[in-house]
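Dear colleague,

I am handing over a structure that you have not worked with before, and below it I set out what was found in it. Please read the notes with the structure open beside them.

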Amino acid sequence: MSVESLKCKECGTSYELDASYVCENCFGPLEVAYDFSGLDPEEVKRGIQAGSQGIWRYRDFLPFEGHASDPLEPGLTPLLKADRLAERLGVGAEIWIKNDAANPTHSFKDRVVAVAVAKAKELGFETVACASTGNLANAVAAHAAAAGLDSYVFVPANLEEQKLLATGVYGTNLVGVRGNYDDVNRLCTQLAETHPWAFVNVNLRPYYAEGSKTLAYETVEQLGWKLPDRVVSPIASGSLFTKLGRGFQEWLDLGLVEGEQPTFNGAQAAGCSPVATAFAEGWDVCKPQRPETIAKSLAIGDPADGPYAVEHARRTGGGVDSVDDQEIREGIKLLAETTGIFTETAGGVTVGVLRKLAERGELADGERVVVYITGEGLKTLDATRDTFQMHEIDPALESFEAEFPQEVAV
Amino acid sequence: MAVTVKIPTQLRAATGGQSELEVEGGTVGEVLDAVFDAHGGLKDRITQDGDLRRFVNVYVSGEDIRFQQGLETSINDGDEVTILPAVAGG
């Protein structure tokens, strides 16, 4: 039994494992604390390898004492070596793509929501809810449907149509708020005080965030129980970024893997870059911004874990960069053309930053780099519009030959 | 200027359970000082060295004060000051 308490990340005060997320003494965020001292690394490893084909194989590291029920288990998404991408970037580094679009609702959010919904059920909630930039909305609506819970999903009303459609289909109460994500988030923080609901990323956030650690565990396992030298990950709230670091650290501390924390490079859109700005300016807080970017899933102007993301990038000798909308579109195309993976705008941001690191000569020969692709291209189709041309012809041989005169028939 | 200050659940132990306070003040800083005068236990919870702690958000009628003049943001009649945790979302 390893899960112990909720603990304030700022002042260390401990709390019961219930639906709370803020320290009453200093207003800091609460995080799940574990006691791993009784675990034998070899035994844990065997347990993982004999476990389910998804995130519940890492149950020793998730905030449950018993068996968490989950009809829509995410995880064990492909980790692919992207040699042609490395070649196009002109680097001698080993580039790996962790394609987390290959989850039940096509983004990494299935991981965090699976954990939060299982916890909501355990705590006796009948309704789950969230403030979302889109991917989370899809995941909460789907996992609530699978678990037989009611759900309320709050999003900015101007979200991509694909993300709205892929949410509403699950029969959720979809609420489009006239405002940006930070307005939605403030509203949900207030609603969480007055409604007896499990807001996955408000009052259940300490548990929810734990789900992101499974991306780190899978990476280690899929690399043959080795750590990457560097990771490139998108940053919205900063939660994924910091929890990847925590996942690697837990396994280092337990002796499940040897080495040191990878270098962490964060990726933001230039139109919403509070974390990249704080990193560049040397601040330990993030100044909020009003987002203006095509990468809507990363459009959080007031990132809750921004300060921790900045700290982690600094501590590991990494950084946080940003790319503009054009570079995001090019990033989507570069990944698609070299790996066959079609990512959404957030992935375009991540690949755009990878390209920047390559151009600056920061990727060393032989270095093992894992790039986290967190969402699916079909959800942000507008970003690829007008980036290529379709050839329209008549159904006749001469029409084809006239269009492609260089292709000689044999 | 009379103003209503909304207190989040997590701070109500320090206000004797009250969710709203009525105080006077011309700026956010003055309003918060008036709140601290009435409920001493609040000050250390949300400020440090004279500034708001990094996980505290304050809004004046729905607008984050960091988009305005921070603690110097002026208060108009009928404004509502809301204190909320900054650790949600994402």
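In chain A, helix α12 (residues 325-339) and helix α13 (residues 345-359) have axes that come within 7 Å and cross at roughly 90°, where axes are lines fitted to C-alpha atoms, for helices over the stretch in contact, and angles run from 0 to 180 degrees between N-to-C directions. Helices (H or I, at least four residues) and strands (E, at least two) are DSSP runs, numbered from the N terminus. α12(A) and α13(A) are therefore roughly perpendicular to each other, a term that covers 65 to 115 degrees. Among the residues making this contact are A:Ile328 and A:Leu335 of α12(A) and A:Val349 and A:Arg355 of α13(A), two residues being in contact if their C-beta atoms, placed from the backbone, lie within 7 Å.

This is a predicted model, in which local features need pLDDT of at least 70 and side-chain atom pairs count only at pLDDT 80 or more, while totals for chains, interfaces and linings use all residues. Residues are numbered from 1 along each chain as its sequence is written, and chains are lettered from A and ligands numbered from 1 in the order in which they are written. The model scores ipTM 0.94 and pTM 0.96.

Kind regards

Key. Parallel < 35°, antiparallel > 145°, perpendicular 65-115°, else oblique.
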